[in-house]
Amino acid sequence: ALPIYALHERDVEEARVSGVYPRPLHIIEGPLMAGMSVVGDLFGKGQMFLPQVIKSARVMKKAVAVLTPHMAKEKTNAKTNGKVVIATVAGDVHDIGKNIVGVVLGCNSYEVVDLGVMVPCKDIIAAVRKHQPDVL
């Protein structure tokens with residue numbers, strides 16, 4: 001049997017062309033986020049453990065990566081809704097939530113300045129001064 005993360009690309013593409021989801025972003029906001037919500041609930045109840053949560057987050061990240069090029073094709077609007085600086089602070093290596101937020105904001109016409117993971121506070125402050133975002 002194939003591991004679950006090996007199926008993501010086929011399943012995501014099937015969802016994308018099915019006609020059920022008008023935009024690739026709707027797949028992220030719909031079934032993918034619903035799945036992660038279930039993972040969070042199970043983890044909170046002690047019915048799922050950290051290794052399983054990490055595997056789920058990796059599948060989510062790979063699914064978003066499959067959809068990202070399709071969402072980029074939809075971006076034809078030169079007008080932005082604002083600028084956002086986003087980062088995972090030093091000491092936190094978990095970036096799945098940051099990445100999902102960045103993709104969703106980008107697909108909704110926000111300019112996203114992604115500083116990456118484990119970013120020291122001084123670098124975040126410097127980026128805010130440089131980019132003058134509407135949201136940090």
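## Ser56 in helix H3

Ser56 counts as buried because its relative accessibility is 18%; buried means under 20% relative accessible area, exposed over 50%, and partly exposed in between (1.4 Å probe, protein chains only). The residue lies in helix H3, where helices (H or I, at least four residues) and strands (E, at least two) are DSSP runs numbered from the N terminus. Not counting residues up to four places away in sequence, Ser56 touches Met36 and Val39, with contact meaning heavy atoms within 4.5 Å.

## Basis of the values

This is a predicted model, in which local features need pLDDT of at least 70 and side-chain atom pairs count only at pLDDT 80 or more, while totals for chains, interfaces and linings use all residues. Residues are numbered from 1 along each chain as its sequence is written, and side-chain values use heavy atoms, with hydrogens and water left out.

## Nonpolar core

The largest nonpolar core has 17 residues, and those with the most contacts inside it are Ile28, Leu32, Met60, Leu67 and Met71. Such a core is a set of buried Ala, Val, Leu, Ile, Met, Phe, Trp, Tyr and Cys residues joined through side-chain atoms within 4.5 Å. At least two residues of this core come from each of helix H1 (4-17), H2, H3 and H4; H3 gives the most, with seven residues.

Leaving aside neighbours within four places in sequence, Leu67 is in contact with Val12, Arg16, Pro24, Ile27, Ile28 and Leu32.

Buried residues of H4 include Ile96, Ile100, Val103 and Cys107. The buried residues of H4 pack against helix H2 (24-44), helix H3 (50-74), strand S1 (82-86) and strand S2 (110-114).

H2 and H4 pack at an angle of about 145 degrees, with their axes 10 Å apart. Axes are lines fitted to C-alpha atoms, for helices over the stretch in contact, and angles run from 0 to 180 degrees between N-to-C directions. Leu25, Ile28, Glu29 and Met33 of H2 meet Ile100, Val103, Val104 and Cys107 of H4 in this contact.

## Positive phi angles

Met118, in the loop between S2 and helix H5 (121-131), has a positive phi of about 60 degrees although it is not a glycine. Its relative accessibility of 38% makes Met118 partly exposed. Gln132, in the segment after H5, has a positive phi of about 50 degrees and is not a glycine either. Gln132 is exposed, at 59% relative accessible area.
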